[in-house]
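Subject: Structure for your review

Dear colleague,

Please find the structure below, followed by a summary of what was found in it.

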Amino acid sequence: MPGFTFEFDPIYYLKIRKSFQVLRTKLTMGADFNTQLNIWQLRTIWEDQIIGGRLTVKGRELQLTKAWNVPLGDRPELGARLKFKLGVDLYSGRTYCRFGFRTEEAAPGINLTDGVPLHPKFPLDSQKHVNVETKLRVAVPTPNLEFKSELAPGKKLDLAMGDVYLGIEEVALCLEY
């Protein structure tokens, strides 16, 4: 019978978010406060609802990025990723456009022994403005089946397993309006 290992050493955050609908886009602005390091980190996500791209401000540059996955041939695990990026320097007005193409294999299946990351979100009010978000990992050991026929009379079949692991890596109180 497998045992159970529980690890609880999370990083605690306070996350504050405000969303606006602007010209068929969704602008989310906010800040994350890491309670262990006493550091605030500003966050912005600007999503275009027409082509599904993402608008970001990096340094002094406004960028629009979009990626598409395109299957190639009869093999469903082989495909291509098309990446588009349009940038505008907000100070000089210089613009650029990049388009990239890369073949890649689909993501491998879930590896239960390394752990599966989970990100559950628990609402604390009926309007879902106050939530608790967690980042955790669950790992399931592989069974070890062993057949023994040593000096003792009779044969023995052993089934051994390691421990099931549950680790909580992050806990965040989120205020979203």
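Which strand supplies the largest share of the lining of the largest pocket? The answer is S2, with 5 residues. Strands here are DSSP runs of E with at least two residues, and helices are DSSP runs of H or I with at least four residues, both numbered from the N terminus.

This is a predicted model, in which local features need pLDDT of at least 70 and side-chain atom pairs count only at pLDDT 80 or more, while totals for chains, interfaces and linings use all residues. Residues are numbered from 1 along each chain as its sequence is written, and side-chain values use heavy atoms, without hydrogens and water.

The protein chain has 13 strands and 0 helices. Of its 177 residues, 22% are buried, that is, under 20% relative accessible area with a 1.4 Å probe, protein chains only (exposed is over 50%, partly exposed in between).

The largest pocket is lined by 17 residues, and Arg17, Thr28, Ile45, Glu133 and Glu176 lie nearest its centre. At least two lining residues each come from S1, S2 (25–34), S3 (39–48) and S13 (164–176). A pocket is an open set of points on a 1 Å grid over the protein atoms alone, where a 1.4 Å probe fits, with protein on both sides within 12 Å along at least five of seven lines; lining residues have an atom within 4 Å of a point.

Finally, Phe6 lies in strand S1 (residues 4–22). Phe6 counts as partly exposed because its relative accessibility is 46%.

Kind regards
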